[in-house]
Amino acid sequence: MTQTLLETVMLLHGLFAASAFLSSIITMSIVYSGRLREKSLSRLRAFSLLTVISLLAVNITGLYGYISYRLPNPDSPRSIILMTWPLAHEVLFETMEYLGLIGPVWSALVAWLIWHYKGKIVEEPGLRRAVLVIMLLGFLMILGLSYAGLIPTMITPVR
Amino acid sequence: MSMKVSGSVTSAFLSSSAALILVGLLAYFRGSLSLLEIYPAAGTLVGIWIYSYVGWLVAWFILYTMLRRKESAGTLGTCVAIFMVSMLLSILLIEASLKWSLLL
């Protein structure tokens, strides 16, 4: 089986999204635990940074696929989706397209706070709560966006 | 949440909040802003992406330069509230620009 460059990039798109999920869950669980062991701070920093990089990579790979997705041909994924179920493009896909740009901003703020406050991020209850609230809302947003992106892909994948 | 925060922390929150609102505004007005079509093959997406991220980094640099020496520049609760309101505003702006009428 041979894969085109586009299929490979789209596979990476999904993998980066999974990486963003996992790294944000790990970051949240370290902050939630309320204590930092010997190497936990460096892990916390690494995973918060990984979330930012993964979300940026999701956007970059997504943009690459988006160009093929919206080609003005009758057999492009966008045209097929608009013919079969317009809501999947006009609402779900476009929600993912624009709200997805928020992800790196949100995650960069969290990573910056973690790098700035170091161990205080889990020791100071108010700060810990604030970071957890921001992270949880961001995580729920990624979850929603992934669902919004999955539905149009199920109708017709980008290839 | 009533914890005092330094100017550098406030600058991070305010610039991120500004970026979120900028993404929302550009997405909302994408139909009437031709300057967003930097790379026509990708529609307005590249323009929204570049302008909002450049705006974010420029705002962060300016605010950081202005506030970095301040030991106290607001409370954590206020910063989080501003960020949350900006996120909500951005989501509402983006969703308001979509064709929800297709649901009916």
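Let's start with Y53(B), which sits in helix 2 (residues 45-67) of chain B; helices here are DSSP runs of H or I at least four residues long, strands are E runs of at least two, and both are numbered from the N terminus. This is a predicted model, where local features need pLDDT of at least 70, side-chain atom pairs count only at pLDDT 80 or more, and totals for chains, interfaces and linings use all residues. Residues are numbered from 1 along each chain as its sequence is written, while chains are lettered from A and ligands numbered from 1 in the order in which they are written.

Y53(B) counts as partly exposed because 18 other C-beta atoms lie within 10 Å; buried takes 20 or more, exposed 12 or fewer, with C-beta atoms placed from the backbone. From Y53(B) to L102(B) is 49 residues in sequence and 31 Å in space, C-alpha to C-alpha.

On to the core (buried Ala, Val, Leu, Ile, Met, Phe, Trp, Tyr and Cys joined through C-beta atoms within 7 Å). The largest one has 67 residues, and V105(A), V23(B) and I48(B) are among those with the most contacts inside it. Helix 1 (residues 7-28) of chain B gives the most to this core: eleven residues. Leaving out residues up to four places away in sequence, I48(B) touches Y98(A) and L101(A) as well as V23(B), L26(B), A27(B), R30(B) and L36(B); a contact means C-beta atoms, placed from the backbone, within 7 Å.

Chain A in brief:

| Property | Value |
|---|---|
| Helices, chain A | seven helices |
| C-alpha span, chain A | about 55 × 35 × 20 Å |
| Buried, chain A | 41% of the 159 residues |

For confidence, the predictor gives the complex an ipTM of 0.93 and a pTM of 0.92.

Methods: Two residues are in contact if their C-beta atoms, placed from the backbone, lie within 7 Å.
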